Amino acid sequence: GKEKWPRGDEKTWKENMRALETDVPGISRNIVNHVQTSLARQAYNLDDLGAYQAAALSVRDNLILNWNDTQLQYTRKEPKRAYYLSLEFLMGRALDNALLNLDLKKQYSESTDKLGFNMEDLLEQERDAALGNGGLGRLAACYLDSSASMELPVWGYGLRYKYGIFQQLISPEGQQLEAPDPWLENQNPWELPRLDVQYDVRFYGSADRLNDGTPRAVWSGGQEVVAQAYDVMIPGCFTKSTNNLRLWESKPKRGFDLNSFNAGDYERAVESSNSASAITSVLYPNDHTTFGKELRLKQQYFWTAASLADMIRRFKNIGKPITQFPEYVAIQLNDTHPTMAIPELMRILVDEEDVPWDTAWQITTNTFFYTNHTVLPEALEKWPVPLMQHLLPRHLQIIYDINMYFLQAVEKKFPGDRERLARMSLIEEGFPQQIRMAFLACIGSRKVNGVAELHSELVKTTILKDFVEFEGAGKFSNVTNGITPRRWLDQCNPELSALISKSLNVPKQVWLKDLFMLKKLLPLAEDAAFRKEWAEIKQRNKERLAHHVRTTLGLEINTNAMFDVQIKRLHEYKRQSLNILGVIHRYLTLKDMSAEERKKVNPRVVFFAAKAAPGYWIAKLIIRLIVNVARILNADPETKDYLQLYFLPDYSVSLAEVLIPASDISQHISTAGTEASGTSNMKFCLNGGLLLGTVDGANIEIGEEVGESNVFFFGYLTPEVEQVRYNNIYHPRPVEEKSPALARVLSVVSQGMFGDGGIYEPFLNTIRQGDYYLIADDFDSYINALKMVDDAYLDKEEWIKKSIRTACTMGKFSSDRAIMEYAESYWNLEPVKIPA
Ligand code: NTF
């Protein structure tokens with residue numbers, strides 16, 4: 001039947017409800033309105049920043065209207081929903097993305113033109129939302145884009161850090177310096193504070209079991225802080241579907257602690273308010289390492305507690321019994337960071353909802369799904385038992401109980417196997433004892449997945465081997481990562497996007513949501529006119545990058561050279577070291593040549609961009625080496641026309657958007673078995689950049705899709721790595737013997753060709769001794785692969801064919817495919833159509 005209008009005069013409401021502004025006059029009216037009211041400015045005192053803000057607020061109006069319709073539909077239809085819990089969302093800029101997804105870029109550009117502003121300049125005013133470290137955070141952002149675009153009822157939950165990933169500065173000596181990233185300084189038009197959405201979150205205090213025949217306990221005392229919601233709208237591509245990313249900010253509960261205040265201790269009162277705000281003040285800048293810091297555990301619990309409270313409130317609104325929770329809610333754990341959600345849900349069910357333990361455990365293990373993103377031991381989270389006891393005493397009891405029941409079941413299946421029990425216990429023995437979060441995430445989840453085929457196999461055969469034996473292999477599977485073709489092709493490479501639409505003869509809305517369609521362009525690799533257009537676009541993207549570097553850093557880049565790019569967090573396992581040593585080898589080779597010989601060499605420009613964790617000393621030393629090698633190379637009149645090297649500071653999503661479309665070749669050269677997936681490899685290939693890499697992570701699947709003749713692989717394979725490492729320790733051979741070429745490179749570094757050689761010794765020693773990442777073992781194979789790249793590049797037409805074939809076979813790597821796999825095989829989620 002017809003729903004009753006909830007309040008007031010229906011006609012007055014309906015006559016005044018706004019519709020989307022989609023024509024140029026309407027858009028201009030809306031922008032000017034924001035200039036006058038929201039910003040309190042006028043035409044004669046408006047600068048680019050103001051105009052950007054007004055344009056952004058006007059786009060946000062449209063997003064909010066779609067968001068309202070989407071959320072209303074979810075409320076009415078009561079579909080099962082999925083929640084993506086991620087401590088990191090590396091969103092980048094929002095304006096261009098929103099304009100493209102709303103299909104309003106043309107109209108907005110026309111409107112800002114009329115108002116006297118150039119849209120491209122306005123886009124540059126926006127600060128990146130950099131609430132993440134690297135691939136894990138960017139993956140979360142791509143998945144939000146795909147969820148909305150595939151019309152899936154998925155929300156993200158994260159933290160609203162006051163400071164995102166640090167800003168990287170490079171000192172004249174080549175040292176990385178860190179500065180804070182005050183990204184909220186200029187106001188953030190993309191977020192909406194929800195003052196009506198707040199939850200109390202408790203820390204410390206004491207937990208007392210009731211011992212009344214139930215498993216219940218009462219947790220009281222300690223510190224209470226408030227979680228305040230901020231919503232960020234996530235527009236789908238060419239659909240009304242607009243999802244939500246809810247970010248929590250921590251606030252003191254009453255401005256300051258009244259108890260201390262009344263006791264006359266003003267300082268303590270204010271101190272406690274500071275400590276509440278501190279929880280969401282900064283993103284931890286460590287990638288692939290854990291530190292066991294109390295504040296980090298506080299962040300994790302604060303965020304999972306607020307998110308769960310919010311989900312449960314929403315679930316209760318539909319009035320179903322709590323046992324049906326998993327039929328309405330799926331929660332994806334992005335790595336182990338949100339694992340505290342598992343004991344927290346148990347606490348809510350057992351202590352607050354009075355659900356029997358076994359039922360509560362059933363509900364819990366049917367709700368959660370866990371994605372593992374690394375098998376590197378230093379990245380596996382463990383929390384000291386004493387810290388957990390102090391900060392979250394009730395959760396420690398629950399973890400102990402989970403562990404007790406779990407180990408009983410293991411004992412039943414493998415009677416008398418004491419070693420197995422010790423290996424599988426959630427509690428690792430030692431001083432102190434530690435809680436193994438990956439094990440807790442695993443046993444508390446319905447399914448566990450890795451992020452590429454090889455990685456998912458490694459998860460099953462290494463870190464979770466015992467769990468596969470205990471629970472059966474069915475629980476463990478793979479979802480190969482993906483990237484959104486909206487940002488990583490249409491937005492960052494508009495010319496290529498237009499060429500694709502023209503050649504497919506379909507609007508981009510079609511192929512951007514069905515990336516396998518690119519395959520239809522494969523025959524055009526044989527079409528000389530198409531190749532010419534393709535190559536010209538690549539060339540203009542190289543000039544765009546050169547222009548960017550000229551205007552931001554004042555450096556002049558040779559755009560006739562091959563552009564060779566490695567951009568990712570700096571880590572020994574990713575082996576930027578191999579790359580820089582390879583560059584030095586190339587330099588020495590050029591120096592050995594006569595001027596005549598050099599003229600035959602294909603010029604190359606090598607780009608690096610990478611942030612190192614502030615406490616990762618060797619990583620910082622590698623940056624220093626790159627910067628100092630660049631200084632010598634770029635100033636050498638004999639070689640600079642053939643080899644240039646740039647370290648671009650402060651790598652970000654926005655910088656990636658300029659670098660990726662300009663690349664001829666990109667490097668993904670981790671030691672085999674160490675890079676779980678990699679996702680920038682997909683971005684480069686989608687933009688027609690070829691791949692030079694090891695047989696690792698998603699490189700392998702890219703090779704399968706594009707064909708081995710279009711990629712350059714080298715190096716030891718995963719099954720061989722362990723043995724090589726063993727030999728490096730127990731039967732060491734000198735670098736001179738493994739690779740004379742490398743030995744020469746190490747010696748020129750050590751002798752000071754790039755400044756004081758002594759400072760690099762600690763880095764060089766990691767190769768001379770132990771060589772955990774197989775730099776020396778892979779060096780000759782790497783140099784050989786570089787040579788193959790050089791040779792291939794000489795045949796320009798063939799190279800362009802490879803570039804076309806690569807881009808056109810990347811359909812599998814759309815994050816739409818990945819998110820649909822999660823929706824169908826994990827969450828059991830259906831799309832929800834939002835009526836016009
Ligand atoms: C990263 N993991 C992996 O190192 C990348 O290979 C992968 O592409 C991304 O996750 C996304 O899946 C991590 O950042 C972490 F934290 F898990 F180590």
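Into which domains is the protein divided? There are three entries in the division: domain 1 (1-77 + 95-127), domain 2 (78-93 + 128-479) and domain 3 (485-718 + 777-819), with bounds that come from an automatic or database domain assignment. This is a predicted model, in which local features need pLDDT of at least 70 and side-chain atom pairs count only at pLDDT 80 or more, while totals for chains, interfaces and linings use all residues. Residues are numbered from 1 along each chain as its sequence is written.

Between the C-alpha centres of domain 1 and domain 3 there are 37 Å, and 4 residues of domain 1 are in contact with 4 residues of domain 3, where contact means that the C-beta atoms of two residues, placed from the backbone, lie within 7 Å. On the side of domain 1 that touches domain 3, the residues divide into 1 nonpolar, 2 polar and 1 charged; here Ala, Val, Leu, Ile, Met, Phe, Trp, Tyr, Cys and Pro count as nonpolar, Asp, Glu, Lys and Arg as charged, and the others, Gly among them, as polar.

The ligand comes next. It is surrounded by 18 residues, of which the closest are Gly 135, Leu 136, His 373, Thr 374 and Ser 677, a residue being near if its C-beta atom, placed from the backbone, lies within 6 Å of the molecule. Domain 2 and domain 3 each supply at least three residues to this shell, and helix α7 (residues 135-149) gives the largest share, 3 residues. Helices (H or I, at least four residues) and strands (E, at least two) are DSSP runs, numbered from the N terminus. By class, the shell around the ligand has 5 nonpolar, 10 polar and 3 charged residues.

How do two helices pack against each other? Helix α24 (residues 576-592) and helix α32 (residues 740-750) meet at an angle of about 90 degrees, with their axes 10 Å apart; axes are lines fitted to C-alpha atoms, for helices over the stretch in contact, and angles run from 0 to 180 degrees between N-to-C directions. The helices α24 and α32 are therefore roughly perpendicular to each other, since angles of 65 to 115 degrees count as roughly perpendicular, under 35 as roughly parallel, over 145 as roughly antiparallel and the rest as oblique. From α24, Leu 581, Ile 584, His 585 and Leu 588 take part, and they meet residues of α32 including Leu 742, Val 745 and Val 749. The contact of α24 with α32 has 8 nonpolar, 1 polar and 1 charged residues.

Not counting residues up to four places away in sequence, Asp 310 touches Val 197, Tyr 199 and Arg 246.

Finally, consider the backbone. Most residues other than glycine have a negative phi, and most peptide bonds are trans. Phi of Tyr 204, however, is near 60 degrees, and Tyr 204 counts as partly exposed, with 13 C-beta neighbours inside 10 Å. Phi of Arg 575 is also near 60 degrees, but Arg 575 is buried, with 27 other C-beta atoms within 10 Å. A cis peptide bond, with omega about 0 degrees, joins Phe 431 and Pro 432.

Key. A residue is buried if 20 or more other C-beta atoms lie within 10 Å of its own, exposed if 12 or fewer, and partly exposed in between; C-beta atoms are placed from the backbone.
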